[in-house]
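The report is meant to be read beside the sequence and the model.

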Amino acid sequence: MSKFTASWIAATALCIWFLCIHAHIFLSAKDYIQPLLYFHLIGAYSIYLVCVHNTMLTPSALNGAAKPFHIWLGRVGLIL
């Protein structure tokens, strides 16, 4: 459980606050949002969540069984 440091908890809390609370309030206040912004947000949200996931599920987690998930989600995150 050494992965759960104060900085990790603070960064994850900031991620959840930004993605689930702040962004929705900001976007709903806009009258019109350009479609390119939605395309950007899909990529940004996805890479943000992949990074949080890969921080929790390191390649050595679950006796090495998590390594393929970590690698493939990292690859998907790079594409996004």
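## Overall architecture

The model is predicted, and its chain holds 3 helices and 0 strands. Read from one end of the sequence to the other, the elements follow the pattern α-α-α. Helix α1 covers residues 6-28 and helix α2 covers residues 35-56, while α3 takes in residues 67-79.

The C-alpha trace spans about 50 × 30 × 15 Å along its principal axes. The radius of gyration of the chain is 15 Å, whereas a compact globule of 80 residues would have a value near 12 Å. Buried residues account for 21% of the 80 residues in the chain. When contacts between residues at least 6 apart in sequence are considered, 55% of them join residues at least 24 apart.

## The contact of α1 with α2

Two packed helices are described by the angle between their axes and the distance between the axes. For α1 and α2, the axes come within 11 Å and cross at roughly 160 degrees. Because angles over 145 degrees count as roughly antiparallel, α1 is roughly antiparallel to α2. The crossing in which α1 passes α2 is left-handed.

On the α1 side, the residues that take part are Trp8, Thr12, Leu14, Cys15, Phe18, Leu19, Ala23, His24 and Leu27, and they meet Leu37, Leu41, Tyr45, Tyr48, Leu49, Val52, Thr55 and Met56 of α2. Sorted by class, the residues of this contact comprise 14 nonpolar, 3 polar and no charged.

## Alanine 23 within that contact

Alanine 23 lies in helix α1 and is one of the residues through which α1 meets α2. Its relative accessibility is 7%, so alanine 23 counts as buried, the cut-off for that class being under 20%. Once residues up to four places away in sequence are set aside, alanine 23 touches Phe18 and Tyr45; Phe18 belongs to the α1 side of the helix contact and Tyr45 to the α2 side. The C-alpha atom of alanine 23 is separated by 9.8 Å from that of leucine 41, a residue 18 positions apart from alanine 23 along the chain.

## The contact of α2 with α3

The axes of α2 and α3 come within 9 Å and cross at roughly 160 degrees. That angle makes α2 roughly antiparallel to α3, and α2 passes α3 in a left-handed crossing. From α2, the residues Ile47, Val50, His53 and Asn54 meet Phe69, His70, Leu73, Gly74, Gly77 and Leu78 of α3. By class, this contact has 5 nonpolar, 5 polar and no charged residues.

Isoleucine 47, found in helix α2, counts as partly exposed at 29% relative accessibility. Leaving aside neighbours within four places in sequence, isoleucine 47 is in contact with Gly77 and Leu78, both of which are listed on the α3 side of the contact of α2 with α3. Isoleucine 47 and glycine 74 are 27 residues apart in sequence, and their C-alpha atoms are 8.5 Å apart in space.

Histidine 70 lies in helix α3, where it is among the residues that meet α2. Not counting residues up to four places away in sequence, histidine 70 touches Asn54, Leu57, Thr58 and Pro59; of these, Asn54 is listed on the α2 side of the helix contact. The C-alpha atoms of histidine 70 and valine 50 are separated by 8.9 Å, although the two residues are 20 residues apart along the chain.

## Asparagine 63 in the loop

Asparagine 63 lies in the loop between α2 and α3. The phi angle of asparagine 63 is near 55 degrees, which is a positive value in a residue other than glycine. With a relative accessible area of 82%, asparagine 63 is exposed, since that class begins over 50%.

Definitions and conventions
Residues numbered from 1 in each chain as written. Predicted model: local features only at pLDDT ≥ 70, side-chain atom pairs only at ≥ 80, totals over all residues. Heavy atoms only, no water. Axes fitted to C-alpha atoms, helices over the stretch in contact; angles between N-to-C directions. Helix = DSSP H or I, 4+ residues; strand = E, 2+ residues; numbered from the N terminus. Parallel < 35°, antiparallel > 145°, perpendicular 65-115°, else oblique. Left-handed = near helix turned anticlockwise from the far one by under 90°. Contact = heavy atoms within 4.5 Å. Nonpolar A, V, L, I, M, F, W, Y, C, P; charged D, E, K, R; others polar. Buried < 20%, exposed > 50% of the residue type's maximum accessible area, 1.4 Å probe, protein only. Rg over C-alpha atoms; globule rule 2.2 N^0.38 Å.
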